[in-house]
Amino acid sequence: MIPENAEIGFSRILVGLDGSPHSMAAGQRALELALSYGGEVHGLTVLDVPVERSLRYGVLDEARHKNFTALQILARQGEKLGVPVITELREGSPDKHLVQYSQEHNMDLIVLGSYGRTGFNRLLLGSVVERVAALSSLPTLVVKRSYGNQEAAVN
């Protein structure tokens, strides 16, 4: 998605990671673009876990571990390719933090994986991709399917 009057650049690419195969595929695509155009990748994970639930069940610690692993995988893949990777973990609303990070760090492109929800699930859960595209003036690349063999890389 390219907003009107937006310029497409590949110097600083932000990818949202949640540890899912879809987000890992987006991470792989971001690395490939950065490699092709001499850019760097910023991997951002945003944990959106209600405080009362995280305290009761230790969900936040589990989520931190899972998503920290996703950031580590992205950083290792970047190192192998010779692509600079910067990672960060935040807590709160994913769409708002992705847009805020993109502004703070002067990103050129946002890359996100899509679960491909439709119908009722999409109505109930919404879409981080849609909210980021609505809030951001940056081009957003949506990776819709698993890119390559990312299922194995996550496990």
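Predicted model: local features only at pLDDT ≥ 70, side-chain atom pairs only at ≥ 80, totals over all residues.
## Arg12 and its partner

Arg12 is partly exposed, with a relative accessible area of 26%. Arg12 is part of strand β1, which covers residues 12–16.

Which residue forms a salt bridge with Arg12? The partner is Asp108, and the closest N and O atoms of the two are 3.5 Å apart. Asp108 sits in the loop between α4 (94–104) and β4 (109–113), so its pairing with Arg12 ties together parts that are 96 residues apart in sequence. Is Asp108 buried or exposed? Its relative accessible area is 18%, and the limit for a buried residue is under 20%, so Asp108 counts as buried.

## Salt bridges in the whole structure

How many salt bridges does a search of the whole structure find? The search finds 5. As a general point, side chains of opposite charge can pair when their charged atoms come close. The pair of Asp108 and Arg12 is described above; two further pairs follow.

## A pair within helix α1

Arg29 and Glu32 join their side chains in a salt bridge, with an N to O distance of 3.6 Å. Both residues belong to helix α1, which runs over residues 21–37. They are 3 residues apart there, so about one helical turn separates them.

Arg29 is partly exposed, at a relative accessible area of 27%. Glu32 is partly exposed as well, at 25%.

Arg90 has a relative accessibility of 13% and counts as buried. Glu88, at 26%, counts as partly exposed.

Where is Ser114 found? Ser114 is in the loop between β4 and α5, the latter covering residues 119–125. The relative accessible area of Ser114 is 14%, so this residue is buried, the limit being under 20%.

Leaving aside residues up to four places away in sequence, Ser114 touches His22, Val142, Val143 and Lys144.

Definitions and conventions: Residues numbered from 1 in each chain as written. Heavy atoms only, no water. Salt bridge = Lys/Arg side-chain N within 4 Å of Asp/Glu carboxyl O. Helix = DSSP H or I, 4+ residues; strand = E, 2+ residues; numbered from the N terminus. Buried < 20%, exposed > 50% of the residue type's maximum accessible area, 1.4 Å probe, protein only. Contact = heavy atoms within 4.5 Å.
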